[in-house]
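This report walks through one chain, element by element. Look at the model first, then read on.

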Amino acid sequence: MSVCYVHSDAESIGTCVGCGKFICHNCNTELKGKNYCKKCVNEIFDENKRKMEKLEDGSKNNQPMVFMNAGGGGGASSSASSSSSASSGGMGFAARYTKSKTTAGILGILLGGIGAHKFYLGRPGIGILYLLFCWTYIPTIVGFIEGILYLVASPDDFARKHDKGYQVPIHY
């Protein structure tokens with residue numbers, strides 16, 4: 001029989017996920033289905049408070065403010081973004097992409113000679129330039145190389161360079 005590390009006369013009901021010590025029913029605090037002792041819960045809250053204060057201090061230094069769901073679309077897309085933000089674990093919301101790097105890469109490899117990937121990425125001027133010079137095969141070679149570069153880039157790097165609708169996630 002194991003006993004609580006705080007109350008030596010009480011039988012333990014389990015161990016604290018934070019510190020690994022045995023805790024009794026009175027010392028137990030359940031958070032998201034896990035058992036914590038009161039000391040570890042206080043440490044978690046103190047750490048989160050410090051993070052919030054740090055964020056507030058950072059916002060005083062003229063950093064841009066991000067408003068989530070401000071004027072946002074509605075319907076299914078709004079509920080989908082809400083559920084993804086709730087499960088993102090420590091982020092204000094999940095990153096939002098409007099262009100697929102896979103689609104852009106495949107278009108660049110297969111139809112790069114006529115600038116299909118540039119039209120897809122919202123750069124019609126360069127797409128027309130590719131189309132005008134497609135007879136030289138130079139746009140085909142350049143499009144093939146760009147397609148490969150799109151596919152090997154990380155999603156965030158690709159989005160920062162080529163996705164005008166990309167929204168950066170907020171980390172708490």
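## A charge over a ring

K99 sits over the face of Y120, 5.0 Å from the ring centre. The criterion is that NZ of Lys or CZ of Arg lies within 6 Å of the ring centre and within 35 degrees of the ring normal.

## Basis of the model

This is a predicted model: local features need pLDDT of at least 70, side-chain atom pairs count only at pLDDT 80 or more, and totals for chains, interfaces and linings use all residues. Residues are numbered from 1 along each chain as its sequence is written, and side-chain values use heavy atoms, with hydrogens and water left out.

## Overall layout

The chain has 7 helices and 4 strands. Both are DSSP runs numbered from the N terminus: helices are H or I with at least four residues, strands are E with at least two. From the N terminus, the order is β-β-β-β-α-α-α-α-α-α-α.

Of the 172 residues in the chain, 24% are buried. Buried means under 20% relative accessible area, exposed means over 50%, and partly exposed is in between, with a 1.4 Å probe and protein chains only. Among contacts between residues at least 6 apart in sequence, 41% join residues at least 24 apart. A contact means heavy atoms within 4.5 Å.

Strand 3 (residues 28-31) and strand 4 (residues 34-37) run antiparallel, joined by 4 bridges. Two strands pair if DSSP finds at least two bridges between them. N28 has C37 of strand 4 as its bridge partner. The hairpin has 2 residues between its strands, and K32 there takes a positive phi near 55°.

H25 is exposed, at 62% relative accessible area. Its C-alpha atom is 7.0 Å from that of S12, 13 residues away along the chain.

V41 belongs to helix 1 (residues 38-59). Its relative accessibility is 8%, so V41 counts as buried. Beyond neighbours within four places in sequence, V41 contacts T29, L31 and Y36.

## Helix 6: length and faces

Helix 6 (residues 138-152) has 15 residues, which at 1.5 Å a residue should span 21 Å; its end C-alpha atoms are 22 Å apart, which agrees. The expected span is 1.5 Å times one less than the number of residues.

P139, G143, E146, G147 and Y150 are buried in helix 6. Seen down the axis, these buried residues fall within an arc of 105°, so they line one face of the helix. The arc is taken over directions from the helix axis to the C-beta atoms. The face turned away from the buried side carries exposed I138, I141, L149 and V152. The buried residues pack against helix 3 (101-111), helix 4 (116-120), helix 5 (124-132) and helix 7 (155-162).

## Around helix 6

Which residues of helix 3 are buried? They are K101, A104, G105 and G108. Down the axis of helix 3, its buried residues fall within an arc of 100°, so they line one face. They pack against helix 4, helix 6 and helix 7.

Y130 is in helix 5. Its relative accessibility is 9%, so Y130 counts as buried. Its contacts beyond four places in sequence include G112, H117, K118, P139, G143 and E146. Y130 and G143 are 13 residues apart in sequence and 8.7 Å apart C-alpha to C-alpha.

Y137 lies in the loop between helix 5 and helix 6. Its phi is near 70°, a positive value in a residue other than glycine. Y137 is exposed, with a relative accessible area of 57%.

## The aromatic pair

The structure holds 1 aromatic pair. The ring centres of Y150 and F158 are 5.5 Å apart and the planes stand at 70°, so the pair is edge-to-face. Rings of Phe, Tyr and Trp (its six-membered ring) pair if their centres lie within 6.5 Å; planes under 30 degrees apart are stacked, over 60 edge-to-face, and the rest tilted. Y150 and F158 are both buried.
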